[in-house]
Amino acid sequence: MPPGTGWPGDPATPATAVAASAAAVESLAAAVGSLDELDALVSVCRACPRLVEWREEVATVKRKSFVDQPYWGRPAPGWGDTHPRIMVVGLAPAAHGANRTGRVFTGDRSGDFLFAALHRAGLANQSLCVDAADGLSLNDVRVAAAVRCAPPANAPTPAERATCAPWLDAEWRLVSGDVRVVIALGGFAWKAALHMLRRGGASVPVPAPQFGHLAEAAIDGVTLMGCYHPSQQNTFTGKLTPAMMDAVFIRARELAGR
């Protein structure tokens, strides 16, 4: 979906600068001054050729059940409260979830599970997460992904992770004054969050805190919390239940002072 063509919530315009290399991502991310500007830049990034090719192929070929729907087919910026006390970090958009809807963790089973939990905790106005125009809003929470494009087999390469990291660093720089809790959904997001905190100037312990469900690490006034990722593999097998995810957000609210 080209920027500025009417997609609900599209933060970019045809004039938005396009990062076409890792160096451009780093330069643009370092200079960004607002979340609106950051979201626009993220949403048109083309720095990782393999990810660009994959996300656009998926948006063209489509899944049979969504064949009659337009696909976003672009990176998924973070979204939610602009002054959040809780930041949720995931791995990457899903090929037929956020890559289709344009909003991270929307349109797939993982999003259904996550936003239902946020709603039960009073951190979202509704549990419905169908598309970018469904009326969902978050209270005191911002959600972002460590990698902004849907990767083949849900597996971004180390180089792709490194290229995308400055976007998360910029997001953290813009919200860190408000955030008291960072929730990492899965082991990769935990590592990405530790890198984000370290690059943001925090004193991350050595050896680094280890991921686990409900694991906590106090780092320079921010608590990093672990939560199993709400993937179908985890939720269908019972590794992550609604009660387990509720416990994460109840504890996060307590730590955030809500």
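Reader: Which residues line the second largest pocket?
Author: This is a predicted model: local features need pLDDT of at least 70, side-chain atom pairs count only at pLDDT 80 or more, and totals for chains, interfaces and linings use all residues. Numbering starts from 1 along each chain as its sequence is written, and side-chain values use heavy atoms, leaving out hydrogens and water. On a 1 Å grid over the protein atoms alone, a pocket is an open set of points with protein on both sides within 12 Å along at least five of seven lines, and lining residues have an atom within 4 Å of a point. Here the lining is Pro8, Gly9, Pro11, Asp39, Trp72, Pro77, Gly78, Trp79, Gly102, Arg103, Ala132 and Leu136.

Reader: And what volume does the largest pocket have?
Author: Its lining takes in 24 residues, with Ala94, Ala95, Asp108, Ser110 and Asn154 closest to the centre. Volume means the space filled by probe spheres set on grid points, which are joined across faces, edges and corners. For the largest pocket that gives about 570 Å³.

Reader: Which residues line the largest cavity closest to its centre?
Author: A cavity is a set of points on that grid where a 1.4 Å probe fits but cannot get out. The count comes to 1 cavity of 30 Å³ or more, and the largest has a volume of about 90 Å³. Of its 15 lining residues, the closest to the centre are Cys45, Cys48, Leu51, Cys149 and Cys164.

Reader: Whose backbone oxygen does the side chain of glutamine 126 reach?
Author: Glutamine 126 sits in the loop between helix 5 (109–120) and strand 3 (141–145); helices (H or I, at least four residues) and strands (E, at least two) are DSSP runs numbered from the N terminus. Beyond neighbours within four places in sequence, it is in contact (heavy atoms within 4.5 Å) with Phe115, His119, Asp134, Gly135 and Leu136. At 2.9 Å, its side chain reaches the backbone oxygen of aspartate 134.

Reader: Which strands stand at the edges of the sheet?
Author: The open sheet has 6 strands in the order 1-3-2-4-6-5, with mixed pairing; two strands pair if DSSP finds at least two bridges between them. Each edge strand has a single partner, so one side is left without a neighbour in the sheet. Those are strand 1 (79–80) and strand 5 (216–219).

Reader: What is the bridge partner of glycine 80 in strand 3?
Author: Strand 1 and strand 3 pair in the antiparallel sense, over 2 bridges. In strand 3, glycine 80 has as its bridge partner arginine 142.

Key
A polar contact is a pair of N or O atoms within 3.5 Å; within protein, one must be able to donate a hydrogen and the other to accept it, and residues adjacent in sequence count only if both atoms are side-chain atoms.
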